Amino acid sequence: MRSANFDAMFGEAQQAIDQLDPRTAFEVKSLFKGTTWSDLQRGEKISFGVFFSKKYQSGALPSIEKIERGKNNHTRYRKL
């Protein structure tokens with residue numbers, strides 16, 4: 001099992017957010033292309049979701065807002 005580099009993944013997520021149209025709703029997993037997300041273990045996915053949420057709460061992602069949870073109970077965000 002490879003260890004996830006959350007800082008690199010966060011950079012990739014930021015680039016994907018920059019490419020989104022304003023008002024686009026998304027889940028963290030949708031920001032990754034290819035197998036980057038699916039190759040992660042379940043615990044790594046959860047840990048990165050928490051990491052992303054903490055970055056959001058710290059103000060590191062001023063171009064998005066948190067919105068309602070989806071039917072799958074995943075946190076959803078929207079680009080401003």
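Predicted model: local features only at pLDDT ≥ 70, side-chain atom pairs only at ≥ 80, totals over all residues.
Local features need pLDDT of at least 70 and side-chain atom pairs count only at pLDDT 80 or more, while totals for chains, interfaces and linings use all residues. Residues are numbered from 1 along each chain as its sequence is written, and side-chain values use heavy atoms, with hydrogens and water left out.

Q: What makes Arg78 and Glu65 a salt bridge?
A: A salt bridge is a side-chain nitrogen of Lys or Arg within 4 Å of a carboxyl oxygen of Asp or Glu. The closest N and O atoms of Arg78 and Glu65 are 2.8 Å apart, so the pair meets that definition. Arg78 lies in strand S3 (residues 76–79) and Glu65 in strand S2, 13 residues apart.

Q: Why does the pair of Arg23 and Glu65 tie together parts that are apart in sequence?
A: Arg23 forms a salt bridge with Glu65 at 3.8 Å between the closest N and O atoms. Arg23 sits in the loop between helix H1 (6–19) and strand S1 (25–27), whereas Glu65 belongs to strand S2 (residues 64–67), so the parts joined are 42 residues apart in sequence. Helices (H or I, at least four residues) and strands (E, at least two) are DSSP runs, numbered from the N terminus.
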